[in-house]
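Please consult the sequence and the structure while reading.

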Amino acid sequence: MESPFGNDDVRSGSKSTDTLGEARLGSGGMSLSDAFLREQLHSLGYREVEQVAIGMQGAVFRLGGGLVAKIWFHAGEGELRTLGELYAAVDGRLPYRTPRVLELHRPGAYWVTIEEELPGVPLHAVAPQFGEVGWERMRDCVVEVVEAVAQVEAPAVLRRTTVLDEPDPFRPEGMSWIDALSGLVRRRVARFGDQLSPVIDNFEAKVENLLVLLSDLKEPETRLVHGDVTAGNILVDENLRPVTLLDFGLLTMPGDPVFEAAATATVIDLWSPRAREIEAAFDKSFATHLGYAPRHLLTYRCAYSLIIANAHDEDPYNRDTHVPLTAKLFNSPEVAALLSR
């Protein structure tokens, strides 16, 4: 079953629900219901639809005939057309299926994309939990995907793509990776630092020291960074082998594969009380199989955590904010040592 919104699929989040019910979108203030969303598809001629996933970014319905529809709560026409270009540019460049936008419509309040339904089931639905027998198979599946993405040269369209809710391209032509990433960290801190500083010890000093560490990094060879490799965005077969990679666009960028690994180890089981243990297990595997240095991974993890700390501020399902998770990381002894001077 396809779950194109990955970690935003509320059935895999911290507070589950099968339908949106009367959830209220923070930005538009419109109360939505499952019937309202279905009506958007009925007006396009699709009468028998089945909800597959729903989350912060939108809702997904199976249409039959090998098709799904995605109703986008926040994305505009330009963003979705660029996403379609990105999907076309990535198509066939990974050993897995990736999405393709077949049609783009606006039947009502929201834009709708019609896409192929892709094979596999979400990894989180079938994989053993951390510490259970066989968990290593889940870990190896994720590491394989991260390694495969790291081999893909960043397509030109990524110089025009935005990340999160930002209006401007993340890394336009001529900008270095380090400058682009540092700029994003600065912008997020400027917007949301008032929520982070009360819960992170020596917040301002830690941010400044992180920016220094980023500036000291060697400029990497640019590769495709998916940015949201979650256990909901990897679809697997019955042998726990990856067959589909979903949901590019939220934080997809031209950048450093080590950043991808650091982000993946954090987001793969973001809400787990054993998150630090899971990160450590993945870091060990990334170091062993891909040669990534633990200090490099931890530096990028700090940057990633600042970037996503407020990513769910517009979440209509009232799920837990990332702020406490970011604070827990930044107040840990490992990060305190890394960011001390």
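## Terms and basis

A residue is called buried when its relative accessible area is under 20%, exposed when it is over 50%, and partly exposed in between (1.4 Å probe, protein chains only). The model is predicted: local features need pLDDT of at least 70, side-chain atom pairs count only at pLDDT 80 or more, and totals for chains, interfaces and linings use all residues. Residues are numbered from 1 along each chain as its sequence is written, and side-chain values use heavy atoms, with hydrogens and water left out.

## Overall architecture

The protein has 11 helices and 10 strands; these are DSSP runs numbered from the N terminus (helices: H or I, at least four residues; strands: E, at least two). Of its 341 residues, 56% count as buried.

Contacts (heavy atoms within 4.5 Å) were also examined. Among those between residues at least 6 apart in sequence, 70% join residues at least 24 apart.

## Arginine 62

Arginine 62 belongs to strand 2 (residues 58-64). Because its relative accessibility is 18%, arginine 62 counts as buried. Its side chain makes a polar contact with the side chain of glutamate 117 at 2.6 Å. Such a contact is a pair of N or O atoms within 3.5 Å; within protein, one must be able to donate a hydrogen and the other to accept it, and residues adjacent in sequence count only if both atoms are side-chain atoms.

## Helix 10

In helix 10 (residues 323-330), the residues Val323, Thr326, Ala327, Leu329 and Phe330 are buried. They lie on the same side of helix 10 because they cover an arc of only 160° around the axis, taken from the directions from the helix axis to the C-beta atoms. The buried residues of helix 10 pack against helix 5 (177-196), helix 6 (203-216), helix 8 (275-290), helix 9 (294-308) and helix 11 (333-338).
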